[in-house]
Amino acid sequence: MMRNTTAIFQKQIKDTLKNKEILIQFIMFPVMAVIMEKSIKIEDMPAHFFADMFSAMYVGMAPLVSIAAVIAEEKEKNTLRVLMMSGVKPWEYLLAMGCYIWLFCLAGALVLGIAGGHEGREMIIFLLIMAAGILASLLIGAAIGTASRSQMMATSITVPVMLVFSFLPMLAEFNDTISNVARIAYSRQIGLLIGKAGDFCVSFENIFVICANMLAALLLFGCAYKKSGLA
Amino acid sequence: MEYAVEMRNIVQKFGEKEVLKGIDLKIHEGEIFGLLGPSGAGKTTLIKILTGQLKQTAGEVQFLGKNAGNGKKGLPDMGMMMDNFGLYERLTCYDNLKLFTRIYGVPGKKADEALRRVGLYGDRKQPVMKLSKGMRSRLLLARAVMNEPRILFLDEPSSGLDPVTAAEIHKLVCEERSRGATIFLTTHNMEEAHKLCSHVALLHEGMIVEYGQPEQVCRRYNHQNKLLIRLYGGEQVELSNNRTSADKVKGYLEQEMVETIHSTEPSLETVFMELTGRGFE
Ligand SMILES: Nc1ncnc2c1ncn2[C@@H]1O[C@H](COP(=O)(O)OP(=O)(O)O)[C@@H](O)[C@H]1O
Ligand SMILES: [Mg+2]
């Protein structure tokens, strides 16, 4: 039953090593976090400042950019149409792509977690938070990819969206006004949760904002799908 | 008579522009059908409609007696080759086909088998982006035939190919027919059409202006109906093709003077130039 999904998933894995743009998305922040944590030590800086900040940025950027790029490329090159005409169902395709990016990003998150010094129970909580954030990002990215006719078009939409979501958590650290606005973005909430992954206390606001973001993304995706379809 | 595809009054408009103005065509089961026409005639548009990639403005299509419906559902198993049809550029030839063996639910070894049939087995590890246009065409064809579809749609399968590669593709098309598939192809190449197709139709300005077996069509346009005899020594004689020439022909033959003898029936190319008032590229 999952034949098509696993086939597309495996195709995607084969493609990853050859697709440098996507590969960079997956590994850039984790690698940067490891390097910065190892090399830069400043007095008064909170523990694992870089790893935590990059984790929130990673959530806002990697899944969103990569899934939008992958879907838009398949639309542009007509490979998606061929899949659909060969009997692949849209949900089978989306499931394969979603799982693929989700898992790869989660692997990146594991590296970020290690760089951030999370261990044991704390690491699991950290990964759970990241998993939820990656999912929200995926939905937004999928909506953009579906709405786009070409990779160019997808990039022109993802860049501003990704900048907002990935930089808000960082800017919010330095500016109170931005911090207040940023509260409505899932990536900021993820950032806040990561900051206290140690004593994992989830507030109503955390959950509400993340769920509301996901719902909005799902609606957007629904509109994009209805308007443009997959093929 | 069972038809593989039946088109009734297919109309396609793009905005104000009417590209297809009521196409009626019947494709016999198990035949190779050739749709001919100058570029821009609407051949690709018709294939897109038949394969469910485009919803026609009006008219209906039936496959093996069944209505095609609105979407991709309900179409019989069909193979397709069009040059806008995507391949995964970074993946190898083999990986491209391997994916589709799994989607089609056919054994994995079919991928290598198909690569051998189109002469790409030696390049199976090449990424698609390194392939020439001809190799791409062959890979698309390999993918199209891998699941042994009942109907094959080939949009200009041999355009831009060298004669040897084109001949390989012709051989494969004939093999597919022998297995029982119906083949619908479009082409600019009249020689190809004449050699391969059991029926051809000429699409011109959105309408089918000629239909029939290639031989039939050529004979229909034999306005001159003459015999051309070339004698040893270079002299050419033109005689009308009827009993009044019998004695003369007999005379030449008895004196063993005939180097070549032809009837003046035009080639498909000449017929279609006459009908469209222009050539094919
Ligand atoms: N999606 C489209 N929108 C507008 N015009 C189109 C579209 N597709 C094809 N056409 C027009 O329809 C005509 C026929 O195109 P096509 O079917 O590709 O011709 P052929 O394959 O015979 O060369 C062309 O004039 C082309 O410009
Ligand atoms: Mg065409």
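Me: What should I know about the model before we start?
Reply: This is a predicted model, where local features need pLDDT of at least 70, side-chain atom pairs count only at pLDDT 80 or more, and totals for chains, interfaces and linings use all residues. Residues are numbered from 1 along each chain as its sequence is written, chains are lettered from A and ligands numbered from 1 in the order in which they are written, and side-chain values use heavy atoms, with hydrogens and water left out.

Me: What makes a residue part of the shell around ligand 1, and which residues are in the shell?
Reply: A residue is near a molecule if one of its heavy atoms lies within 4 Å of it. Around ligand 1 these are B:F14, B:K17, B:V19, B:P38, B:S39, B:G40, B:A41, B:G42, B:K43, B:T44 and B:T45. They divide into four nonpolar, five polar and two charged residues. In that sorting, Ala, Val, Leu, Ile, Met, Phe, Trp, Tyr, Cys and Pro count as nonpolar, Asp, Glu, Lys and Arg as charged, and the others, Gly among them, as polar.

Me: Why is the pair formed by B:T44 and ligand 1 called a polar contact?
Reply: A polar contact is a pair of N or O atoms within 3.5 Å; within protein, one must be able to donate a hydrogen and the other to accept it, and residues adjacent in sequence count only if both atoms are side-chain atoms. A polar side-chain atom of B:T44 lies 2.6 Å from an oxygen atom of ligand 1, so the pair is inside the cut-off.

Me: Which element gives the most to the shell around ligand 1?
Reply: That is helix 1 of chain B, with three residues. Helices (H or I, at least four residues) and strands (E, at least two) are DSSP runs, numbered from the N terminus.

Me: Why is A:S166 called buried?
Reply: Buried means under 20% relative accessible area, exposed means over 50%, and partly exposed is in between, using a 1.4 Å probe and protein chains only. A:S166 has 0%, so A:S166 is buried. This residue lies in helix 7 (residues 151-174) of chain A, and its side chain reaches the backbone oxygen of A:M162 at 2.7 Å.

Me: Why is the pair B:E113 and B:K110 called a salt bridge?
Reply: A salt bridge is a side-chain nitrogen of Lys or Arg within 4 Å of a carboxyl oxygen of Asp or Glu. For B:E113 and B:K110 the closest N and O atoms are 4.0 Å apart, so the pair qualifies. Both residues lie in helix 3 (residues 109-117) of chain B, three residues apart, about one turn of the helix. B:K110, at 18%, counts as buried, while B:E113, at 37%, is partly exposed.

Me: What makes the phi of B:N9 worth a look?
Reply: Most residues other than glycine have a negative phi. Phi of B:N9 is near 50°, a positive value in a residue other than glycine. B:N9 lies in strand 1 (residues 3-14) of chain B and, at 44%, counts as partly exposed.
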